[in-house]
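Reader: Could we go through this model together, a few contacts at a time? I have the sequence and the coordinates open.

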Amino acid sequence: MDPVPQTRPPTAPALRRAPVQQRSAERLARILDACAALLDETGYERLSTRAVAVRAGVPIGSVYRFFGNKRAMVAALALRNLDRYAERVSERLAVTPPLDAYGAIDGVLDEFIAMKRTVPGFALVDFGVPAAAPGEVSGGTAGGDGGPGDDAGAGGDAGPRGDGRSGDDAGPDDGTGSGDDAGSGDGTDPRDEVEDPNRLVAERICGLLAAHLGRPADEELHRKVLVGVETADALVRLAFRADPAGDPALVDETRLLLHAYLGPSLS
């Protein structure tokens, strides 16, 4: 299954309700884990919030407490992927003795390749939300998710009130009460998108590399890391289209290109 094209919307997503209790945080993690697994099995277009709820073992209302529609859910998964990628790169850079510039570049690329191969859902959705399906606007349609395979017929997942409740945010935290953390009721929210994902990746990686190599994260370094991230993203996608495990020759070409372009700037 080929990676899904990523959108480049201007705003960052936010949960409709941030978990404050441990059980809520655990439930959110289960929802995102289920979302990732189903992305591998069904793809994005056939993904639905109802299927995610069933896989996660939670009421559909629990999903809508956190997300207005499936795009918001996938956006949260993409940001979790970015956090985990940054953690992996940070751990890779923390080895002793410290890596030089070329070893640091290898670490950044190797962790990305490893996540493509092993992390559920990452091959389709790494750090950005998939492009909207026909009939689906970037923030969700008036009927909700709007893509094929959604829950409520032609209208898709029916948005925050898709479980037929009053939307008054009155129920208990387990999502079984009468409320569903209302929102606007139309399934749309400008925060349901991920800001330019490659730029977010470049900002995180630039900071990590600058700190590791003891140099300022200035405008020039930001620009070069962004170019490197955009280039590596395109080439890695090509490698995984050629081979589900990532074509080794294309991965090597990506490494050589990054060494030649970024190495002198980082050294």
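Reader: With which side chain does the side chain of Lys116 make a polar contact?
Author: The side chain of Lys116 makes a polar contact with that of Asp126, at 3.1 Å; such a contact is a pair of N or O atoms within 3.5 Å, where within protein one must be able to donate a hydrogen and the other to accept it, and residues adjacent in sequence count only if both atoms are side-chain atoms. This is a predicted model, in which local features need pLDDT of at least 70 and side-chain atom pairs count only at pLDDT 80 or more, while totals for chains, interfaces and linings use all residues. Residues are numbered from 1 along each chain as its sequence is written, and side-chain values use heavy atoms, with hydrogens and water left out.

Reader: Is Lys116 buried or exposed?
Author: Lys116 counts as buried because its relative accessibility is 6%, where buried means under 20% relative accessible area, exposed over 50% and partly exposed in between, with a 1.4 Å probe and protein chains only. Lys116 lies in helix H5, residues 101-118; helices (H or I, at least four residues) are DSSP runs numbered from the N terminus.

Reader: And what does Lys116 touch, leaving out residues up to four places away in sequence?
Author: On that count Lys116 touches Phe122, Ala123, Asp126, Val236, Arg237 and Phe240, with contact meaning heavy atoms within 4.5 Å.

Reader: Which polar contact does the side chain of Asn198 make?
Author: The side chain of Asn198 reaches the side chain of Asp233 in a polar contact of 3.3 Å. Asn198 belongs to helix H6, and with a relative accessible area of 5% Asn198 is buried.

Reader: Switching to H2, which of its residues are buried?
Author: In helix H2 (residues 49-56) the buried residues are Thr49, Val52, Ala53 and Ala56. They cover an arc of only 100 degrees around the axis, which puts them on the same side of H2; the arc is that of the directions from the helix axis to the C-beta atoms.

Reader: What do they pack against?
Author: The buried residues of H2 pack against helix H1 (22-42), helix H3 (60-66) and helix H4 (70-93). Just after H2, Gly57 takes a positive phi of about 70 degrees.

Reader: How many residues are in the largest nonpolar core?
Author: The largest nonpolar core has 33 residues, and those with the most contacts inside it are Tyr85, Phe127, Val201, Ile205, Leu209, Val225 and Leu266. By definition, such a core is a set of buried Ala, Val, Leu, Ile, Met, Phe, Trp, Tyr and Cys residues joined through side-chain atoms within 4.5 Å. A second, separate core of 27 residues includes Ile31, Ala56, Ala72 and Val125.

Reader: Last topic, how many aromatic pairs are there?
Author: A search of the whole structure finds 6 aromatic pairs, counting rings of Phe, Tyr and Trp (its six-membered ring) whose centres lie within 6.5 Å, with planes under 30 degrees apart taken as stacked, over 60 as edge-to-face and the rest as tilted. One of them is Phe66 with Phe67, a tilted pair at 6.1 Å centre to centre and 50 degrees between the planes. The rings of Phe112 and Phe127 have centres 5.9 Å apart and planes at 25 degrees, so that pair is stacked. Since Phe112 lies in helix H5 and Phe127 in the loop between H5 and H6, the pair ties together parts that are 15 residues apart in sequence.

Definitions and conventions
Helix = DSSP H or I, 4+ residues; strand = E, 2+ residues; numbered from the N terminus.
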